[in-house]
Amino acid sequence: MQVTKTIAVAGKGGTGKTTISALVIDYLARKQKGAILAIDADPSTNLNLALGVPLYDTVGDVREESATAVGGSAAMGGMSKLDYLDFRINESLVEETAFDLLAMGRPEGPGCYCAANNILRGSVDRLADAYDYIVIDNEAGLEHLSRRTTRDVDLLLIVSDPSLRGLIAAGRVAELIDELKTSVGETYLIVNRVIGDTLSQPLMEAIGQYNLRLAGLVPADSAVTELDALGEPIVKLPADAPSRLSLDAILDSLNGGS
């Protein structure tokens with residue numbers, strides 16, 4: 001029986017979380033780890049841009065249209081809501097050679113979406129069961145995990161920049177784990193955009209204060225800055241780019257989330 005490994009990437013906005021998520025997906029694809037489903041769970045929906053793939057539909061769009069459908073099953077082609085949502089979720093899937101992508105889209109609007117959300121969780125989970133790896137690019141917090149999917153997380157990567165404020169935010173993300181319905185296995189910190197080879201003593205003390213396990217440092221990289229400025233996908237980073245090499249080494253040390 002296939003066992004799906006779920007990797008979640010979290011951290012406050014502006015830390016390069018989506019860049020790290022895209023490079024994790026690219027790492028798994030290059031290492032031929034198996035079938036990969038990328039889930040963009042950040043409402044800003046930028047993962048497709050980092051991966052260089054189009055995006056036409058989101059799970060949020062599906063939820064809105066099902067919640068506001070007039071005419072019941074007639075408006076859904078005669079299908080039950082369960083079958084219709086399964087069908088539309090699969091339609092929303094961006095299928096690429098190296099991975100597939102599903103974007104969660106905008107959060108709930110002012111109406112009541114409890115029933116639709118419950119069905120959507122099942123639809124997303126059934127879809128995810130067909131993959132070897134799930135990589136979730138989360139919004140700043142983790143609260144949505146129990147709302148969007150019932151999947152357990154095998155590896156949580158918390159991304160911070162090399163600032164005290166960033167590490168405090170990372171610590172708060174780690175503290176949220178105990179409040180989640182979702183089970184989280186291993187949790188590690190990645191400090192991104194580091195200048196130099198080490199962190200200052202105050203930053204190391206903050207990491208210790210929050211009992212964060214430091215997986216490694218990803219250096220500030222002019223190649224990433226250039227791709228961002230040009231609006232190019234991050235996965236176009238050269239093989240010898242410092243950020244790519246550092247993250248590859250981190251993931252190798254974690255056995256690629258296995």
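The lining of the second largest pocket divides into 6 nonpolar, 5 polar and 3 charged residues, where Ala, Val, Leu, Ile, Met, Phe, Trp, Tyr, Cys and Pro count as nonpolar, Asp, Glu, Lys and Arg as charged, and the others, Gly among them, as polar. This is a predicted model, in which local features need pLDDT of at least 70 and side-chain atom pairs count only at pLDDT 80 or more, while totals for chains, interfaces and linings use all residues. Residues are numbered from 1 along each chain as its sequence is written, and side-chain values use heavy atoms, with hydrogens and water left out. The secondary structure comes to 10 helices and 8 strands, taken as DSSP runs numbered from the N terminus (helices: H or I, at least four residues; strands: E, at least two).

**Pockets**

- The second largest pocket holds about 160 Å³ of space and is lined by 14 residues, of which Asn192, Arg193, Pro219, Asp221 and Val224 lie nearest its centre.
- Two or more residues of the lining of the second largest pocket come from each of helix H1, strand S7 (184-194), strand S8 (214-219) and helix H9.
- A pocket is defined on a 1 Å grid over the protein atoms alone as an open set of points where a 1.4 Å probe fits, with protein on both sides within 12 Å along at least five of seven lines, in contrast to a cavity, from which the probe cannot get out; lining residues have an atom within 4 Å of a point.
- Grid points are joined across faces, edges and corners, and a volume is the space filled by probe spheres set on the points.
- The largest pocket has a volume of about 360 Å³, and among its 23 lining residues Thr18, Thr19, Asn46, Ala50 and Asp228 lie nearest its centre.
- The elements that contribute two or more residues to the lining of the largest pocket are helix H1 (17-30), helix H2 (47-51) and H9, and H1 gives the most, with 3 residues.
- By class, the lining of the largest pocket has 6 nonpolar, 10 polar and 7 charged residues.

**Helix H9**

- In helix H9 (residues 222-230), Ala223, Val224 and Leu227 are buried, a term that means under 20% relative accessible area, with exposed meaning over 50% and partly exposed in between (1.4 Å probe, protein chains only).
- Seen down the axis of H9, the buried residues fall within an arc of 100 degrees, so they line one face of the helix; the arc is that of the directions from the helix axis to the C-beta atoms.
- These buried residues of H9 pack against helix H10 (242-253), whereas Ser222, Thr225, Glu226 and Ala229 are exposed on the other side of H9.
- The N-terminal end of H9 is capped by aspartate 221, a side-chain oxygen of which lies 2.9 Å from the backbone nitrogen of alanine 223, and just after H9 glycine 231 takes a positive phi of about 70 degrees.

**Buried charged side chains**

- Arginine 88, found in helix H4 (residues 81-92), is buried, with a relative accessible area of 7%.
- The side chain of arginine 88 makes a polar contact with the side chain of aspartate 57 (2.6 Å), a polar contact being a pair of N or O atoms within 3.5 Å; within protein, one must be able to donate a hydrogen and the other to accept it, and residues adjacent in sequence count only if both atoms are side-chain atoms.
- Not counting residues up to four places away in sequence, arginine 88 touches Asp57, Val62 and Glu65, where contact means heavy atoms within 4.5 Å.
- Aspartate 42, in the loop between strand S2 (36-40) and H2, counts as buried at 14% relative accessibility, and its side chain makes a polar contact with that of lysine 17 (3.1 Å).

**Backbone angles**

- Most residues other than glycine have a negative phi.
- Threonine 45 has a positive phi of about 50 degrees although it is not a glycine; threonine 45 is in the loop between S2 and H2 and counts as buried at 17% relative accessibility.
- Arginine 193 likewise has a positive phi, of about 60 degrees, without being a glycine; arginine 193 lies in strand S7 and is partly exposed, with a relative accessible area of 38%.
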